[in-house]
Amino acid sequence: MAKRRVKQNQDTVLGDAILAKPDFEQALAFAESLNQTTGVPFVPSAEPRLHDPLPAVSVQSAVALMPQDAASRRVLEARARALAKPLSQQRHALHDQYLRFRLGAVERYGIPYAYLEELLYVGNLARVPCTPAFVSGVVNHRGELLTILDLKQFFRMPAVAMSDEARIIVVKHDGMRTGLLVDGVDGNVAYQDTEVSPPLSSEGVSNMEYVLGIHDGSVTLLNLKALLGDPALRVHR
Amino acid sequence: MGRIIGIVQVKGGVGRSTLATNLAAALARHGRTALIDADVPQGTSASWGKLREETGRLGQLTVAGVADYRALVSKARELVAVNDFVVIDGPPRLAEVTRAIMVMSRLCLIPLGASAAEIWATADLVKTIKEASARRLDINARIVWNRFREHTRSARELGDAAEKQLGLTALHSKLGYRVAYSEALARGLSVAEWPDRHAQEEFAALVAEIKQQLGV
């Protein structure tokens with residue numbers, strides 16, 4: 001008990017430095033000194049330089065492959081700081097929406113709003129002879145002939161029977177209006193470009209160049225610019 | 001000039017916001033008080049403040065949220081001039097914000113549950129305190145035992161060992177493991193406004209001890 005009393009007395013007698021608080025300049029300076037002294041320890045300059053050949057080691061760790069010199073570290077640090085900002089501060093984060101649709105029963109895709117013109121029911125689709133399999137045909141769209149592409153055929157996905165949910169998504173790029181035949185439209189999704197993860201490259205995927213990224217783990221965002229600009233689509237030339 | 005009370009802990013879920021909101025509500029009964037939520041975007045304290053505002057319970061309390069350490073320091077500078085107490089709820093990271101809070105605060109409270117993971121996480125805070133004192137910056141830090149099961153021997157032993165190992169002093173008042181805290185928080189209330197006599201009493205004792213520490 002006596003011990004406790006002494007402790008309490010010590011607690012209540014505050015030093016001058018504590019009584020002078022708050023000192024905001026000190027607080028700022030201490031906050032900003034974070035990376036000078038703590039956090040990931042800096043590799044001393046004795047480590048190999050960026051472009052020096054790496055010493056022969058049997059096992060290379062990821063760290064060993066990273067640039068080690070001071071200049072590269074500074075660049076990496078600046079980059080890390082920029083990325084470490086809260087999302088609200090990342091001004092380049094675009095808020096956008098995409099239209100989510102299905103190809104086949106399960107595969108979900110998205111097309112950014114910037115390319116969308118409208119959605120159509122699948123009406124009188126007229127087949128066109130002597131065209132590749134991925135051209136489903138043409139429809140009369142307000143007096144204009146609209147070419148309809150079957151994305152499943154184009155991506156070499158197995159064909160499924162067309163259901164009532166099938167729609168034509170009219171997209172426009174470079175002045176060219178095209179209809180995309182899809183197996184169902186799920187709705188709009190709001191997203192930020194920071195939420196889109198890069199596609200995982202894997203063998204046997206033929207449509208990688210048309211993929212902007214993966215949103216929400218399962219929706220493939222299509223790069224319409226690459227898709228519609230593909231020379232394979234220009235059949236009449 | 002008001003007094004700043006910072007609440008820091010690098011581990012999440014140890015009760016920073018519980019402590020911050022209840023302390024702010026209690027201090028607001030004694031004087032003009034501001035609560036700054038520096039854990040944006042999570043913003044538990046800010047959400048609590050919003051709920052409280054909607055139910056007309058703010059009284060002498062102001063609640064603000066800040067996104068980074070510069071915003072925090074300028075907000076604290078602004079609020080400390082017009083309030084008697086400024087309570088700052090820190091983020092669960094050893095970031096610039098946490099360092100700024102530690103140096104600004106007249107009293108820095110470190111909520112801690114008697115679990116090994118929380119004690120390990122606190123070792124990083126201790127390192128920061130040592131670093132500050134090497135730069136002649138005094139940090140007045142106290143552990144606040146939270147979700148403490150007084151009657152279990154292991155909790156008491158772990159508590160004593162942790163205080164010794166970390167080299168930090170704890171406040172004598174401890175907060176128990178009670179649903180009153182989470183129930184009150186979710187409704188924008190403080191534990192003093194929640195019908196749990198034990199919780200009310202233990203928190204009142206803690207507030208009294210904190211006021212004694214602040215010299216008010």
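The briefing below treats salt bridges and then a helix pair.

This is a predicted model, in which local features need pLDDT of at least 70, side-chain atom pairs count only at pLDDT 80 or more, and totals for chains, interfaces and linings use all residues. Residues are numbered from 1 along each chain as its sequence is written, chains are lettered from A and ligands numbered from 1 in the order in which they are written, and side-chain values use heavy atoms, with hydrogens and water left out. Over all chains, the structure holds 22 salt bridges (a side-chain nitrogen of Lys or Arg within 4 Å of a carboxyl oxygen of Asp or Glu).

**Salt bridges of chain A**

- Arg177(A) pairs with Glu117(A) in a salt bridge whose closest N and O atoms are 2.8 Å apart.
- Because Arg177(A) belongs to strand 7 (residues 176–182) of chain A and Glu117(A) to strand 3 (residues 116–121) of chain A, this pair ties together parts 60 residues apart in sequence; helices (H or I, at least four residues) and strands (E, at least two) are DSSP runs, numbered from the N terminus.
- Arg177(A) also forms a salt bridge with Glu144(A), at 3.4 Å from N to O.
- Arg177(A) is partly exposed at 27% relative accessibility (buried means under 20% relative accessible area, exposed over 50%, partly exposed in between, with a 1.4 Å probe and protein chains only).
- Glu117(A) is partly exposed at 38%, and Glu144(A) is partly exposed at 43%.
- A network of salt bridges links Arg100(A), Arg102(A), Glu165(A) and Asp186(A).

**Salt bridge of chain B**

- Arg187(B) and Glu183(B) form a salt bridge, with the closest N and O atoms 2.8 Å apart.
- Arg187(B) is partly exposed at 42% relative accessibility, and Glu183(B) is partly exposed at 30%.

**Helix packing in chain B**

- The axes of helix 3 (residues 69–80) of chain B and helix 4 (residues 96–104) of chain B come within 8 Å and cross at roughly 25°; axes are lines fitted to C-alpha atoms, for helices over the stretch in contact, and angles run from 0 to 180 degrees between N-to-C directions.
- Helix 3 of chain B and helix 4 of chain B are therefore roughly parallel (angles under 35 degrees count as roughly parallel, over 145 as roughly antiparallel, 65 to 115 as roughly perpendicular and the rest as oblique).
- The contact (heavy atoms within 4.5 Å) involves Tyr69(B), Leu72(B), Val73(B) and Ala76(B) of helix 3 of chain B, together with Glu96(B), Val97(B), Ala100(B), Ile101(B) and Met104(B) of helix 4 of chain B.
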